[in-house]
Amino acid sequence: MAAVGMAAVLAFSALADDRRQELAGEREDASSNLAQQQAQLEEKEDALSQAVQQGQAMKDQKGEITDQIYQLSEEMALLEDQLERARQSVNQKQAEYTAQWDQYKEILGGMQLLHDQGGLAWLAQAKSLYQLLTFSDTLQQMSQAEDEALEVLKTEKEELSKRQLLLEDLEAQFQAQKQEMEEKVQVLTGQIQQQDAAISAAQAEKEAQQVQVQAAQAAFEEADDRYEEYVRQQIAQGAQNHTLYCGLEFGCPLDSYAFLSCRFGEPDGWSGKPHGGMDFAANAGSTIRAAADGVVQAAGGSESYSYGYYVILYHGRDEAGRTIATLYAHMNEAPPVSVSQSVTKGEAIGRVGNTGNSKGYHLHLELRIDGQRTDPLAYIPA
Ligand SMILES: [Zn+2]
């Protein structure tokens with residue numbers, strides 16, 4: 001009878017272990033898929049913010065050049081004023097020169113007439129001797145003065161024309177600069193349009209990835225729920241197989257530890273979700289002890305499984321009939337106890353490690369009442 005019972009328990013444990021491994025594997029796959037999707041999301045978020053930054057840099061550059069064009073246009077307007085005045089001066093000087101020249105031509109005409117017809121012809125026309133004598137001299141003096149005035153006007157006009165040419169040259173330079181900048185702005189405008197399209201595409205990719213992450217998150221939570229449900233079933237199975245009374249008199253599972261690194265309900269270091277247990281930061285290899293008398297309900301895990309190497313102890317029912325169990329996670333190696341083995345309070349059931357979802361050596365301790373995670377500090381002395 002006892003042998004049959006033991007065989008049944010062993011068969012059950014073997015089946016239970018397969019089922020546990022399967023569920024744990026599913027949970028692990030879902031977890032790594034989730035991590036992968038999240039990493040991809042981060043990449044896509046980085047790509048998006050990079051694209052946005054590049055786009056902003058282009059827009060800044062365009063703004064700068066547009067400002068420069070505006071300044072240049074203002075300078076060009078001033079220059080155009082100067083140029084207009086220079087042109088007017090040149091025209092005015094030209095007009096003065098032409099007038100002076102016309103006057104000069106008249107005098108020259110007079111001189112020519114005097115020369116062609118000879119002094120005698122003038123005798124008849126002259127009204128006085130003085131007029132006759134001085135006429136030729138006067139004409140010559142006049143022509144000399146006109147000649148000098150024309151020379152001055154010519155020089156002045158040349159100076160003004162030079163200035164006009166300089167200004168026109170400057171204007172041409174400005175015009176070329178402006179055109180170059182306007183071309184840059186045009187190129188940038190095209191690039192900005194392309195970049196905006198790239199940003200939209202990156203945004204769409206990011207959003208699509210967010211959907212993937214949500215799906216992976218949901219899949220993980222389902223797998224986690226299934227596994228969690230399984231742990232509860234295991235504890236319930238323990239309650240079925242063993243009639244134990246739990247007086248809720250617990251001992252600390254560690255002889256010594258450094259500090260409580262994460263309490264129950266605080267955001268955990270992995271998912272940011274409320275912590276389901278209590279973490280004792282402790283030296284690697286520190287002995288982990290059963291918090292109370294009980295039966296080993298699960299013992300196993302792996303390096304990569306979220307709990308790492310772990311043990312579940314079933315302690316029996318309390319006065320209120322609630323099932324009481326404890327869970328010890330992240331052990332350094334496969335625990336030295338096996339399923340269905342009875343343990344007494346204070347007995348060594350493993351050593352502190354850093355396996356599974358763990359960042360540093362610590363014991364993750366859970367207290368489960370009717371399968372539900374409960375704050376261990378409510379019952380277990382730390
Ligand atoms: Zn923990």
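**View 1. Strand 2 pairs with strand 9.** Strand 2 and strand 9 (residues 362-369) run antiparallel and are joined by 4 bridges. The model shown here and in every other view is predicted. In this pairing, Phe-280 stands opposite Leu-363 of strand 9. Strand 2 (residues 278-281) also pairs with strand 1, again in the antiparallel sense, over 3 bridges. There, Cys-262 faces Asp-279 of strand 2.

**View 2. The whole chain, for orientation.** The protein holds 2 helices and 10 strands. Read from the N terminus, the order is α-α-β-β-β-β-β-β-β-β-β-β. The C-alpha trace spans about 175 × 35 × 35 Å along its principal axes. The radius of gyration is 52 Å, whereas a compact globule of 382 residues would have one near 21 Å. Of the 382 residues, 23% count as buried. Among contacts with a separation of 6 or more, 75% join residues 24 or more positions apart.

**View 3. Domain 1 meets domain 2.** Domain 1 covers residues 1-241 and domain 2 covers residues 244-382. Their C-alpha centres lie 65 Å apart. The contact draws 15 residues from domain 1 and 16 residues from domain 2. On the domain 1 side, helix 1 (2-125) and helix 2 each supply at least two residues. Helix 1 gives the most to that side, with 8 residues. What is the make-up of the side of domain 1 that touches domain 2? Its residues divide into 6 nonpolar, 4 polar and 5 charged.

**View 4. The largest nonpolar core.** This core has 46 residues. Tyr-310, Val-311, Ile-312, Leu-313, Tyr-328 and Leu-363 touch the most other members. Elements giving two or more residues are helix 1, helix 2, strand 2, strand 4 (294-301), strand 5 (309-317), strand 6 (323-331) and strand 9. Helix 2 gives the most, with 7 residues. Why does this core lie between domain 1 and domain 2? Both domains give residues to the core, so it lies between them.

**View 5. Around Val-311.** Val-311 is one of the core residues that touch the most other members. Leaving out residues up to four places away in sequence, Val-311 touches Val-296, Ala-298, Ala-299, Tyr-328, Pro-335, Val-337, Ile-349 and Gly-350. Tyr-328, one of these partners, is also among the core residues with the most member contacts.

**View 6. Phe-220 in helix 2.** Phe-220 lies in helix 2. Is Phe-220 buried or exposed? Phe-220 is buried, because 22 other C-beta atoms lie within 10 Å and the cut-off for burial is 20 or more. Setting aside neighbours within four places in sequence, Phe-220 is in contact with Ala-30, Ser-31 and Leu-34. Ser-200 is 20 residues from Phe-220 along the chain, and their C-alpha atoms are separated by 30 Å.

**View 7. Cys-252 in a loop.** Cys-252 sits in the loop between helix 2 (129-241) and strand 1 (259-262). Ala-197 is 55 residues from Cys-252 in sequence, and the two are 61 Å apart in space, C-alpha to C-alpha.

**View 8. Ser-340, a loop residue with positive phi.** Ser-340 is found in the loop between strand 6 and strand 7 (342-343). Its phi is near 80 degrees, a positive value in a residue other than glycine. Ser-340 is partly exposed, with 18 other C-beta atoms within 10 Å.

View 9. Strand 9 spans residues 362-369. Asp-370 is in the loop between strand 9 and strand 10 (372-374). Asp-370 is not a glycine, yet its phi is positive, at about 50 degrees. With 17 C-beta neighbours inside 10 Å, Asp-370 counts as partly exposed.

Terms used. Residues numbered from 1 in each chain as written. Predicted model: local features only at pLDDT ≥ 70, side-chain atom pairs only at ≥ 80, totals over all residues. Domains from an automatic or database assignment. Contact = placed C-beta atoms within 7 Å. Nonpolar A, V, L, I, M, F, W, Y, C, P; charged D, E, K, R; others polar. Rg over C-alpha atoms; globule rule 2.2 N^0.38 Å. Buried ≥ 20, exposed ≤ 12 C-beta atoms within 10 Å, placed from the backbone. Pairing = 2+ DSSP bridges. Core = buried A, V, L, I, M, F, W, Y, C linked by C-beta atoms within 7 Å.
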